[in-house]
There are 2 protein chains.
Amino acid sequence: MSMRHSQDASEVRLARTYLSAVAEPPAPALAAFVARHGPVRAAELVRAGEVPEIVEKETIARRDRDRVVAHLSAAAAVGARLVTPEDAEWPAAQCLAFELAGHRHLPAPIALWVRGEARLDEMVERSVAIVGSRAATGYGGRVAHTLALGVAGAGFTVVSGAAFGIDAAAHRGALAADGRTIAVLACGIERAYPMAHDRLLRHIARTGLVVSEYPPGTAPARHRFLVRNRIIAGLAGGTVVVEAGWRSGSRRTASDAGLLGRPLMAVPGPVTSAMSVGCHRLLREPGTVAVTRPEEVIEAVGRIGVDLAPGLAEGGGPRRITDGLSDAGQRVHESLSWSAASDPDQVSMESGLPVELVRVALPELVRNGLAERTGNGWRRCPRLG
Amino acid sequence: MSMRHSQDASEVRLARTYLSAVAEPPAPALAAFVARHGPVRAAELVRAGEVPEIVEKETIARRDRDRVVAHLSAAAAVGARLVTPEDAEWPAAQCLAFELAGHRHLPAPIALWVRGEARLDEMVERSVAIVGSRAATGYGGRVAHTLALGVAGAGFTVVSGAAFGIDAAAHRGALAADGRTIAVLACGIERAYPMAHDRLLRHIARTGLVVSEYPPGTAPARHRFLVRNRIIAGLAGGTVVVEAGWRSGSRRTASDAGLLGRPLMAVPGPVTSAMSVGCHRLLREPGTVAVTRPEEVIEAVGRIGVDLAPGLAEGGGPRRITDGLSDAGQRVHESLSWSAASDPDQVSMESGLPVELVRVALPELVRNGLAERTGNGWRRCPRLG
């Protein structure tokens with residue numbers, strides 16, 4: 001029985017390996033076909049060409065090319081595994097969102113190639129995607145690093161795409177916090193892309209996860225980056241766009257996050273910066289939240305009522321010496337002169353307050369060191385205010 | 001009859017002059033009392049002290065001090081007039097919003113002192129307030145100037161508070177466009193405050209309007225700036241906050257604009273700038289619109305469907321050479337190599353597209369100069385992409 005079960009499991013795994021390579025993602029018809037028939041039967045039917053026309057269109061180019069063993073051994077060679085919906089670590093809740101969205105371009109992945117020791121489902125449970133332009137400015141890079149450092153330090157996993165610019169700054173910020181980060185690639189799991197991030201990707205694989213929907217051997221291509229972005233948006237509990245041009249791939253991640261029901265955040269920047277134009281465009285669309293600090297990101301993706309961002313006022317907001325006074329006290333204080341003394345009638349006239357109220361407020365000011373009595377009236381204390 | 005009418009009008013004007021000085025704004029009880037009894041009767045009752053306790057509290061300090069003649073002649077000396085709800089140029093629609101808001105701290109002004117030749121109601125018909133911190137950064141000042149220049153150039157009046165920083169940049173931007181601007185003061189209409197803006201205020205009075213709710217002789221005081229802000233928010237068709245600290249008077253203008261049902265806008269800035277913290281705080285509140293260009297401000301305050309901001313894409317957004325291609329064309333283009341030629345089967349395998357679709361897409365690429373046929377297949381054109 002246990003033998004039979006493990007045979008089944010291995011059969012399912014081989015079928016998923018075949019199916020994950022037979023169609024170029026996103027392959028919504030194949031995804032629906034696999035959901036209906038189960039992976040083993042679906043793989044048989046695809047191989048045999050006994051599929052509806054829309055599935056055939058997605059699979060005919062590669063259906064006869066069986067690279068299952070090659071893909072599994074290429075993955076094993078870099079310490080990667082295939083994670084399938086049948087595995088305990090499959091991020092089921094996240095992938096359910098793809099089905100709920102029901103959007104043609106947003107099918108759930110058929111399986112995910114994963115490199116790293118952590119469990120995928122645990123890694124994404126509290127997570128946030130931090131993405132943005134490859135051509136980031138110094139400002140954008142610093143903000144991405146700061147946000148990632150803060151959210152990773154608070155225990156959130158930072159999900160990004162390992163690209164130059166914002167993505168790399170986000171991964172590095174998470175690593176700098178000794179936090180957790182996931183790089184989602186748009187190419188085979190065995191590749192380092194971009195090449196210059198070879199060390200960064202190794203570091204991420206050691207402490208977090210590198211993930212790809214694409215089978216080993218897949219080359220990076222522009223349309224794959226856009227398709228990959230839905231995996232970033234889907235795995236993370238929310239997406240922050242740090243910098244983006246007017247037409248930016250980050251807009252696609254943002255749009256996917258919205259369709260998947262995830263909070264979408266954008267970082268403001270100088271309106272004079274071309275790299276913030278895409279963020280401001282997002283901020284002008286309904287539902288996008290402006291975020292400027294890690295606390296605000298956590299508030300958006302965190303648990304309601306638990307992860308509320310504290311205001312700045314208590315922390316460092318400037319206080320005025322008259323803050324604790326009554327309204328009348330503040331108005332009387334404003335009406336007093338620094339140099340010449342005023343009597344209560346003059347203060348009443350100047351402030352428009354009844355003289356009785358002025359007579360109450362003046363001692364309040366004296367008690368607070370904000371006014372002093374002189375021979376012929378009251379005046380402001382020169383030192384304090 | 002005409003004699004009697006002009007006597008009435010002058011009687012009303014004298015009553016409003018008295019009432020506008022007898023209480024320190026905002027005086028919601030007095031405003032309601034004047035609305036109920038009319039200005040002439042209300043002034044008589046206030047002078048006689050025959051008023052409800054809440055009105056007495058607002059008026060007792062100044063009710064015996066009759067400065068009507070002094071105020072009218074001080075105003076006349078600087079070419080200012082009192083504009084009352086009985087005058088044709090009273091901005092009735094704007095002031096109705098104060099009544100509709102029904103907020104205790106937002107009574108409509110009892111009258112307005114106005115300096116300048118333009119009609120107040122016409123000036124505010126299409127208008128926008130541009131306000132912000134006195135301690136503006138160079139960035140904020142430039143953005144305020146640019147926004148004001150753009151909206152004033154499009155025929156909108158720029159309303160602001162004549163303060164240092166953002167306010168002054170907004171007024172100057174409007175003047176630079178030969179546009180119209182209104183300065184709303186928190187002191188007597190005959191004063192130049194701040195003193196350094198004496199020339200600016202004269203310039204504004206010559207081409208636009210200087211406005212104050214306060215009678216001549218009133219000194220600027222902190223609480224008056226906050227109270228004055230409701231006049232800025234109320235007169236303008238919408239309010240833009242360009243820069244503001246965490247605790248800023250501009251927040252009060254913004255809050256007033258919201259209560260008065262006017263669109264509220266904020267300009268994003270670097271999240272690292274203390275002078276943008278207040279704007280980002282506003283942007284995180286529901287209903288605030290992020291604006292980065294004059295066109296976006298006009299869209300928010302302008303007529304629906306007429307003043308829509310054009311996108312940037314047509315103007316200057318970067319285009320890709322593959323933009324006009326079909327989806328298949330783009331995927332095939334990505335799959336082609338620069339150096340080695342591929343046959344349609346290889347392209348089909350790499351792209352995951354059926355070979356028939358590849359055979360259609362390749363000539364499309366050739367027609368567009370994006371691919372070329374070589375002896376043994378197709379490759380990307382090296383020059384173009």
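Modeller: Copies are superposed by least squares on the C-alpha atoms of residues with pLDDT of at least 70 in both. This is a predicted model, in which local features need pLDDT of at least 70 and side-chain atom pairs count only at pLDDT 80 or more, while totals for chains, interfaces and linings use all residues. Residues are numbered from 1 along each chain as its sequence is written, and side-chain values use heavy atoms, with hydrogens and water left out.

Colleague: Which rotation superposes chain B on chain A?

Modeller: The superposition has an RMSD of 0.1 Å and 0.0 Å of shift along the axis, and its rotation is 180°. The two copies are thus related as by a two-fold rotation axis. In chain B, the C-alpha nearest that axis lies 2.3 Å from it and belongs to B:Gly269. The rotation asked for is 180°.

Colleague: Is A:Ser160 buried or exposed?

Modeller: A:Ser160 lies in strand β4, residues 157-160 of chain A, where a strand is a DSSP run of E of at least two residues, numbered from the N terminus. Buried means under 20% relative accessible area and exposed over 50%, with a 1.4 Å probe and protein chains only. Because its relative accessibility is 0%, A:Ser160 counts as buried.

Colleague: Which residue has its backbone oxygen 2.7 Å from a polar atom of the side chain of A:Ser160?

Modeller: Not counting residues up to four places away in sequence, A:Ser160 touches several residues (heavy atoms within 4.5 Å), including A:Asp167, A:His171 and A:Ile130. The backbone oxygen lying 2.7 Å from a polar atom of that serine side chain belongs to A:Ile130.

Note on methods. Chains are lettered from A and ligands numbered from 1 in the order in which they are written. Helices (H or I, at least four residues) and strands (E, at least two) are DSSP runs, numbered from the N terminus. A polar contact is a pair of N or O atoms within 3.5 Å; within protein, one must be able to donate a hydrogen and the other to accept it, and residues adjacent in sequence count only if both atoms are side-chain atoms.
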